[in-house]
Every structure is written in structure tokens, then in C-alpha cells.
Amino acid sequence: MKSFRRLTVCCAMLLLAAGTGRAAEAPPAPEPGNDPLRERALQNDGQAQLELGYAWFRGGGRKADATRGAYWGERAARNGIPEAQYNLALCYHGGHGVEFNRHRALELLRQAAAQNLPEAQLLLADYYLQGVPADLDAARPREAIPPDFPAGIALLQQLATKNLPPAWRALALAYLRHPDPGKREQYLPEAAALLTKAAAANDAEAMLALADLYLTGVGVPRDERKMLELLQKAAALHTADARPKLAYAYEYGLGTPPDPERAFALYRQAAEEGVPLAQARLANYYLTGRFTAQDIPKALALLRQAAEAGDPGA
């Protein structure tokens with residue numbers, strides 16, 4: 001997946017485009033000097049356009065200019081470059097640098113996925129599984145697109161044959177969330193096997209999901225010790241969501257003797273990284289003065305941060 005290394009940076013290139021709600025559409029002013037890459041881009045070479053957009057964003061050898069970068073990124077997408085299509089989809093997905101438009105993101109993902117870009121296929125599968133909400137406030141109102149679970153699972157099953165740990169994990173989670181209870185029960189053994197394989201390949205999100213199975217005994221025998229080991233491995237990979245779960249295990253003695261002092265340290269570390277669950281749990285320590293001085297204002301501030309980030313328990 002050689003192209004993947006550039007995808008996040010190219011998306012940032014578009015995120016930093018002029019803050020008009022759209023990617024740059026007007027051609028940039030003439031640039032002084034000879035630039036072979038720009039000359040190729042002007043000849044409608046899509047790969048050169050992608051590279052030039054990236055170069056303008058990065059600023060290597062020239063002053064960084066996000067507007068120019070966005071312009072060339074748009075042109076590359078229009079010329080069928082799958083990496084550019086994928087990045088534009090990400091930007092439309094979040095409304096960054098372009099208008100918020102999940103319907104347009106879906107269209108771009110289909111284009112990139114049709115060219116076998118694995119990252120686009122993964123996100124497209126998620127779109128199929130989730131559906132696309134209506135956007136009735138848009139200049140041209142857009143109707144909701146309902147979920148298509150069979151299409152999402154079929155796409156993930158195809159990807160899972162390509163030795164991609166994220167696809168194994170995504171397929172397992174789709175099985176576990178299947179809307180048909182009978183299908184969920186049928187897929188449980190395969191979901192657990194896929195998560196085990198992805199976790200063994202150092203997929204931290206798979207470790208977290210598999211830890212949940214071991215805690216609840218769903219699809220695997222209940223085993224708090226294995227749960228703890230998976231959470232420790234995920235936390236060692238600097239996965240932010242692993243720390244509050246690991247802290248909870250230490251706080252309540254799941255798979256280990258209770259260690260609330262260690263739990264406090266982990267909650268504080270994760271809260272500093274902006275994890276809402278950790279902020280809410282840490283607030284309880286400051287409210288009660290456990291293992292720290294009581295600090296009601298700080299506790300309330302943490303609860304406010306967690307609530308604003310959508311934590312249901314804050």
C-alpha cells in the first residue's frame with residue numbers, strides 16, 4: 001500500500017485550503033521560474049497534479065501554500081487519481097476545506113474503491129454499513145441513503161482475503177453488529193477468530209475489541225487475564241482508548257489485584273490526551289479526593305470537557 005503513506009498528508013493539504021467551505025477552484029496565479037513538475041501538471045498529468053499539490057502543502061523547496069495545494073489536489077481527483085479521490089472523500093466526510101457532504105464523499109469513495117484502493121474500500125464498506133444521513137439544510141437538500149449491510153460485509157469479506165489486519169478487524173466488528181440476531185450468533189466464532197488474527201498482527205483496535213469479548217465471554221470463554229494482557233499491549237502501542245479501559249481494570253481488579261493508584265495515573269494520562277471516558281472517570285477522583293487533593297472546580301471542568309466530547313456518562 002505504497003500510496004497510503006501520502007494519504008493523510010494529502011488530506012491535510014485540502015484541510016488547510018482557503019476557509020471558504022470549498023476547495024480552491026480558481027487556477028493559481030502564474031508561478032515564477034521553471035518547474036518541470038508544474039509543467040507536467042499543466043499538461044493535465046494527474047499524477048503530477050497530485051505530487052504538485054503535495055509539494056505545495058509540504059513546502060519542500062518552496063513556500064508552503066495550502067490554497068495552491070488544494071487546487072492541484074482537486075484537479076488530480078478529477079483526473080481519476082484514486083489517492084486524491086480518497087482524500088477528497090475524507091474532507092467532504094468531515095466538512096474540512098470543502099463543504100460538508102457525505103453524499104459527495106460516498107461518490108468519491110466509490111470511484112477510488114473501483115480502482116482497488118484498500119483504504120477507500122474500507123471506508124466505503126463503513127458507509128454501506130452505516131448509511132448516509134439526510135442533509136436537508138444543504139443548498140440542494142440530500143435525502144438519506146439507508147444502510148446496505150450485505151454490500152458492506154461483502155466488500156469487507158473481499159478485503160479480508162488480502163492479508164489486511166484492518167479489514168479483518170472491520171469484518172469482525174460488522175459481524176458483531178449485524179442487525180439480525182441470528183446472523184450475529186452465526187458469525188460469532190468467525191468474528192472472534194478474525195479479531196484474534198488482527199490482534200496478533202498488532203492491530204490495537206482489534207486488541208480492544210477482543211478484550212471486550214474476553215471480559216463479557218461473548219464468542220470466547222470469559223477470561224479477565226487475557227483481557228488485561230490485550231489492554232496492556234494496546235496501551236503499549238500508545239492507543240489512547242486503551243488507557244481508560246486498562247485503568248478501569250486496575251481500579252476494579254479485573255484480571256489483576258485492584259490498584260486504584262495506578263488506575264488514577266492512567267486516567268490522568270488519558271485525560272490529558274483528550275479521551276472523554278478518562279476525563280469523566282478522573283473527575284470522580286477529584287470530586288472525592290482519592291489519591292489526589294480534592295478539587296471540585298477541576299472535576300467540573302473535566303466533566304464539562306467529557307460531556308462536550310459526547311461521553312454519555314459525563
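A nonpolar core is a set of buried Ala, Val, Leu, Ile, Met, Phe, Trp, Tyr and Cys residues joined through side-chain atoms within 4.5 Å. Buried means under 20% relative accessible area, exposed means over 50%, and partly exposed lies in between (1.4 Å probe, protein chains only). The model is predicted: local features need pLDDT of at least 70, side-chain atom pairs count only at pLDDT 80 or more, and totals for chains, interfaces and linings use all residues. Residues are numbered from 1 along each chain as its sequence is written, and side-chain values use heavy atoms, with hydrogens and water left out.

View 1. The largest nonpolar core has 79 residues, and L109 and M227 touch the most other members. Helix 11 (residues 204–216) gives the most to this core, with eight residues. Helices (H or I, at least four residues) and strands (E, at least two) are DSSP runs, numbered from the N terminus. Now look at M227. Setting aside neighbours within four places in sequence, M227 is in contact with A211, Y214, L215, A249 and L254. Contact means heavy atoms within 4.5 Å. A second core is separate and has seven residues, including A48, L52, W56 and Y71.

View 2. Helix 3 covers residues 46–58. From first C-alpha to last, its 13 residues reach 18 Å, close to the 18 Å expected at 1.5 Å a residue. The expected span is 1.5 Å times one less than the number of residues. How many of the 13 residues of helix 3 are buried? The count is 10, so helix 3 is mostly covered. Among the buried residues are L50, L52, Y54, W56 and F57. N44 lies in the loop between helix 2 (36–42) and helix 3. Its phi is positive, about 70 degrees, although N44 is not a glycine. Most residues other than glycine have a negative phi. N44 is partly exposed, because its relative accessible area is 42%.

View 3. A search of the whole structure finds seven aromatic pairs. Rings of Phe, Tyr and Trp (its six-membered ring) pair if their centres lie within 6.5 Å; planes under 30 degrees apart count as stacked, over 60 as edge-to-face and the rest as tilted. Why does the pair of Y175 and Y187 count as stacked? The ring centres are 3.9 Å apart and the planes meet at 20 degrees, so the pair is stacked. Y175 lies in helix 9 (residues 165–176) and Y187 in helix 10 (residues 181–200), so the pair ties together parts that are 12 residues apart in sequence. Y175 and Y187 are both buried.

View 4. Helix 14 has 13 residues (260–272). At 1.5 Å a residue they should span 18 Å, and the end C-alpha atoms are 18 Å apart, which agrees. Its buried residues are A263, F264, L266, Y267, A270 and A271. They pack against helix 13 (242–252) and helix 15 (276–288). The rings of F264 and Y285 have centres 5.3 Å apart and planes at 45 degrees, so this pair is tilted. F264 lies in helix 14 and Y285 in helix 15, so the pair ties together parts that are 21 residues apart in sequence. F264 and Y285 are both buried. One aromatic cluster is formed by F264, Y267, Y285, Y286 and F291. G274 follows helix 14 and has a positive phi, near 85 degrees.

**View 5. Charges over rings.** A charge sits over a ring if NZ of Lys or CZ of Arg is within 6 Å of the ring centre and within 35 degrees of the ring normal. K197 lies over the face of W168, at 4.2 Å from the ring centre. R290 lies over the face of Y285, at 5.0 Å from the ring centre.

**View 6. D311 after helix 16.** D311 sits in the segment after helix 16 (296–308). Is D311 buried or exposed? D311 counts as buried, because its relative accessibility is 14%. Leaving aside neighbours within four places in sequence, D311 is in contact with P276, L277, A280 and A306. The C-alpha atoms of D311 and A280 are separated by 7.7 Å, although these residues are 31 apart along the chain.
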